[in-house]
Amino acid sequence: MKIMFTPTLVIWDAQGQSQFRMNGYYAPDKFLSALNYSLLKTELVKSGKSLADVSSFNDYFKAEKKSQLKESVAKKTARPNIKTEKFIHKSDDLAGLIKSSKKPVMLLFEQGSCLECDELHGNVFRRLPVFKQLKQFTIAQVDITSDKKIIGPKGQSVTQKELATMLDVQYTPSMLFYEAGSDKVVFRSDAYLKTFHVQALFDYVLTQEYLKESEFQRFVQRRADRMREEGQEVDLWD
């Protein structure tokens, strides 16, 4: 099943076909939307309709949130713009950025009004050890809700929203990693991660350990064991 994160929840139909997959933690509102989305797909199959009639989960969740915001005073305090930092490249040519980079490339898929994205930027990225790791990447952001045209990693002209769909991005923030100069995704993170796991993820890519160990969780466990042996504190929920 290529499970890389815990918890991972897979919803199957009666024939054993995967209907939906949740990689990592989903906040309660998103979890409920995922269940509703899966039930919708099930009902369509029962009625004989094509699953092509179902929008992507990102679009479905976005529509639900938009509807909820219209009915809530939270609309007044929602922040529609994604956060960014000076070390993140403002490039509309991802293919050119990847080709010219001397460092591994991270594409950070996000959207506005995303609490997990806010935590990533406002907490995790501000930790000094994480910041030092970030400086070893070439980083660009993609807004999964944007209709702005960009050049994708393979040189295709697409909107940011279309690129997210093409790469099957179902969660924000998601991080896709590329080797310097290559348009091939070497690893991706589609899950809610705390600081410890973000550091482990960056180590996994920067050291190219994915070439030796295909199971990220095994790498995380070995890294934690090594840290304990060296007398370092291991806090998975920091």
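Start your tour by selecting Phe20, Tyr26, Tyr37, Phe57, Tyr60, Phe61 and Tyr171, a cluster linked by ring pairs. Keep in mind as you look around that this is a predicted model.

Now zoom in on Phe20 and Tyr37, both of them buried. Their ring centres are 5.5 Å apart and their planes meet at 70 degrees, so this pair counts as edge-to-face. Colour strand S2 (residues 18-23) to find Phe20 and helix H1 (residues 28-46) to find Tyr37; the pair therefore ties together parts 17 residues apart in sequence.

Tyr60 sits in helix H2 (residues 57-70), 23 residues from Tyr37 in helix H1, and the pair links distant parts of the chain. Tyr37 and Tyr60 are both buried.

Next, move to the largest nonpolar core, which has 33 residues; Phe125, Phe177, Phe202 and Phe216 touch the most other members. Among the elements giving two or more residues to this core are strand S4 (105-110), helix H5 (128-134) and helix H8 (216-229). Helix H7 gives the most, with seven residues.

What does Phe216 touch, leaving aside residues up to four places away in sequence? Select Met4, Phe5, Phe187, His197, Ala200, Leu201 and Tyr204 to see its contacts. A second, separate core of 17 residues includes Leu97, Ile98, Leu107 and Tyr178.

For a last stop, pick Arg223, which lies over the face of Phe196 at 5.3 Å from the ring centre.

Notes
Residues are numbered from 1 along each chain as its sequence is written. This is a predicted model: local features need pLDDT of at least 70, side-chain atom pairs count only at pLDDT 80 or more; totals for chains, interfaces and linings use all residues. Side-chain values use heavy atoms; hydrogens and water are left out. A nonpolar core is a set of buried Ala, Val, Leu, Ile, Met, Phe, Trp, Tyr and Cys residues joined through side-chain atoms within 4.5 Å. Buried means under 20% relative accessible area, exposed over 50%, partly exposed in between (1.4 Å probe, protein chains only). Helices (H or I, at least four residues) and strands (E, at least two) are DSSP runs, numbered from the N terminus. Contact means heavy atoms within 4.5 Å. Rings of Phe, Tyr and Trp (its six-membered ring) pair if their centres lie within 6.5 Å; planes under 30 degrees apart count as stacked, over 60 as edge-to-face and the rest as tilted. A charge sits over a ring if NZ of Lys or CZ of Arg is within 6 Å of the ring centre and within 35 degrees of the ring normal.
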